[in-house]
Amino acid sequence: MGHSLSKASHSDPREFASPKDASQWREYDYIVVGGGTAGCILAARLSEDRNTTVLLIEAGKSEDFITKIPFAFVKTFKSPIDWAFKTTPQSALNNRVISWPRGKVLGGTSAINASIYHQCAPEDFEEWERLGATGWNYSAVRPYFLKSETYHPSPLYPGVDVKERGTSGPIQTGHHRENAPISGTVFETVKALGVPYTDDVNTPKGTAGVVHFISTIDQSGRRSSTAAAYLTPDVFSRPNLTIAVNTHVDQVLFETTESKDPVAIGVQVSTSPTSPQYRVRAKREVILSGGAVGSPQLLLLSGIGPADELSKLGIPVVKDLPATGKNLSDVRTFSTSAAAP
Ligand SMILES: Cc1cc2nc3c(=O)[nH]c(=O)nc-3n(C[C@H](O)[C@H](O)[C@H](O)COP(=O)(O)OP(=O)(O)OC[C@H]3O[C@@H](n4cnc5c(N)ncnc54)[C@H](O)[C@@H]3O)c2cc1C
């Protein structure tokens with residue numbers, strides 16, 4: 001989209017002052033923590049209702065030119081817009097430590113990823129529901145995939161059924177990559193091995209087969225991150241949406257009573273490890289969209305997690321929830337491995 005972000009809609013965290021007196025905290029209906037892939041969409045959709053106030057808080061900056069160039073994504077690794085996480089030594093990888101890029105910028109990891117548009121397999125969503133995420137089965141989420149996408153057909157790929165693709169959503173998709181000379185050989189080889197060719201892996205037919213994948217790249221060749229797609233100048237200028245960048249959420253604040261589960265009532269933020277901290281209240285909900293690492297980390301720092309581990313670290317326990325921050329597994333194509341220490 002190539003727009004510059006309007007300065008007027010950014011908020012100075014100092015405006016959130018008054019850490020002690022809760023009655024004076026600045027208030028919003030919703031506080032969205034993390035302006036990444038999910039957070040930008042949530043903030044844009046929630047603030048469509050002009051009677052709803054929304055605060056989106058992002059630790060990284062508002063934009064970076066390099067995020068607009070899809071194939072420059074490897075240049076973002078270990079740059080200021082990458083959290084540049086590292087795993088603990090992995091026993092299944094001969095104890096190697098693996099680099100783990102994650103976007104730290106509006107758009108989050110959608111601003112630094114490989115731009116492959118892949119919705120995942122229908123069975124994945126069925127499994128989510130089986131595991132307890134009621135309402136997240138494939139037929140329930142499919143309309144939202146269609147609503148979020150505008151697919152631009154290409155005469156080179158006539159087999160893609162446009163009826164299976166979205167036609168008026170904010171995320172721009174299409175076929176953009178030139179085939180490398182070797183790809184014909186690869187396709188022939190997998191065909192000979194019995195793997196079928198499929199025109200599109202993002203349909204109810206599922207993901208089996210070899211495909212020329214669709215990318216989240218717009219018609220001018222720029223990355224269609226969720227920041228570019230959803231935080232358009234119109235959205236930025238909404239008076240009911242406030243976006244605070246370079247602002248870190250340090251803690252979710254909870255109201256606790258003897259009889260009920262703790263209720264999130266706001267967040268504590270800062271702009272650097274040595275800056276003052278400020279508090280903001282959520283009248284309706286605090287929504288965590290800090291990513292697979294950021295969200296559980298923030299819960300742990302806020303006292304939601306395994307009580308014994310939190311106590312050892314001196315974090316007051318708000319709720320003993322042993323599974324928080326556990327059981328993460330990740331399978332990636334782009335793993336840039338670091339040498340073992
Ligand atoms: C190198 C790489 C390539 C990939 N390629 C693809 C691909 O081609 N196609 C695909 O579909 N997927 C790809 N993925 C995966 C995909 O990009 C991610 O799964 C997805 O973007 C995650 O979205 P999210 O909203 O959960 O988190 P993120 O997009 O990571 O958003 C989290 C946001 O929260 C912010 N945040 C975190 N903690 C705090 C805090 N305490 N305070 C304030 N802000 C905070 C972060 O800065 C970030 O902006 C790739 C991932 C990587 C790393």
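**Rings, ligand and loops**

Lys104 lies over the face of Trp83, at 4.5 Å from the ring centre; a charge is said to sit over a ring if NZ of Lys or CZ of Arg is within 6 Å of the ring centre and within 35 degrees of the ring normal. This is a predicted model, in which local features need pLDDT of at least 70 and side-chain atom pairs count only at pLDDT 80 or more, while totals for chains, interfaces and linings use all residues. Residues are numbered from 1 along each chain as its sequence is written, and side-chain values use heavy atoms, with hydrogens and water left out.

Phe125 is buried, with a relative accessible area of 5%, where buried means under 20% relative accessible area, exposed over 50%, and partly exposed in between (1.4 Å probe, protein chains only). Phe125 and Phe145 are also members of a cluster in which ring pairs link them with Trp128, Trp136 and Tyr138.

How are the rings of Phe187 and Tyr197 placed? Their centres are 5.6 Å apart and their planes are at 55 degrees, so the pair is tilted. Because Phe187 lies in helix H4 (residues 183-192) and Tyr197 in the loop between H4 and helix H5 (226-230), the pair ties together parts that are 10 residues apart in sequence. Phe187 counts as buried at 16% relative accessibility, whereas Tyr197 counts as partly exposed at 37%.

The loop between H4 and H5 also holds Thr198, which counts as buried at 15% relative accessibility. Thr198 and Phe213 are 15 residues apart in sequence, and their C-alpha atoms are 9.8 Å apart in space.

Now turn to the ligand. Of the 28 residues around it, Thr37, Glu58, Thr109, Ile116 and Val249 come nearest; a residue is near a molecule or strand if one of its heavy atoms lies within 4 Å of it. Helix H1 (37-46) and strand S8 (248-255) each supply at least two residues of this shell. Sorted by class, the shell has 10 nonpolar, 15 polar and three charged residues, where Ala, Val, Leu, Ile, Met, Phe, Trp, Tyr, Cys and Pro count as nonpolar, Asp, Glu, Lys and Arg as charged, and the others, Gly among them, as polar.

A polar side-chain atom of Glu58 lies 2.6 Å from an oxygen atom of the ligand, and a backbone N or O atom of Ala59 lies 3.1 Å from a nitrogen atom of the ligand. A polar backbone atom of Val105 is 3.4 Å from an oxygen atom of the ligand. Taken alone the ligand exposes 1,000 Å², and the protein buries 82% of that.

Which residues have a phi that stands out? Most residues other than glycine have a negative phi. Ala84, however, has a positive phi near 50 degrees; Ala84 is placed in the loop between strand S2 (54-57) and strand S3 (85-86), and is partly exposed, with a relative accessible area of 35%. Asn246 likewise has a positive phi, near 50 degrees, lies in the loop between S7 and S8, and is partly exposed at a relative accessible area of 44%.

Two further loop residues reach backbone atoms with their side chains. Ser237, in the loop between helix H6 (233-236) and strand S7 (241-244), has a side chain that reaches the backbone oxygen of Asp234 at 2.9 Å. Thr257, in the loop between S8 and strand S9 (263-270), reaches the backbone nitrogen of Lys260 with its side chain at 3.4 Å, and counts as partly exposed at 47% relative accessibility.

Methods: Rings of Phe, Tyr and Trp (its six-membered ring) pair if their centres lie within 6.5 Å; planes under 30 degrees apart count as stacked, over 60 as edge-to-face and the rest as tilted. Helices (H or I, at least four residues) and strands (E, at least two) are DSSP runs, numbered from the N terminus. A polar contact is a pair of N or O atoms within 3.5 Å; within protein, one must be able to donate a hydrogen and the other to accept it, and residues adjacent in sequence count only if both atoms are side-chain atoms. Accessible areas come from the Shrake-Rupley method with a 1.4 Å probe; for residues, only the protein chains shown count as cover.
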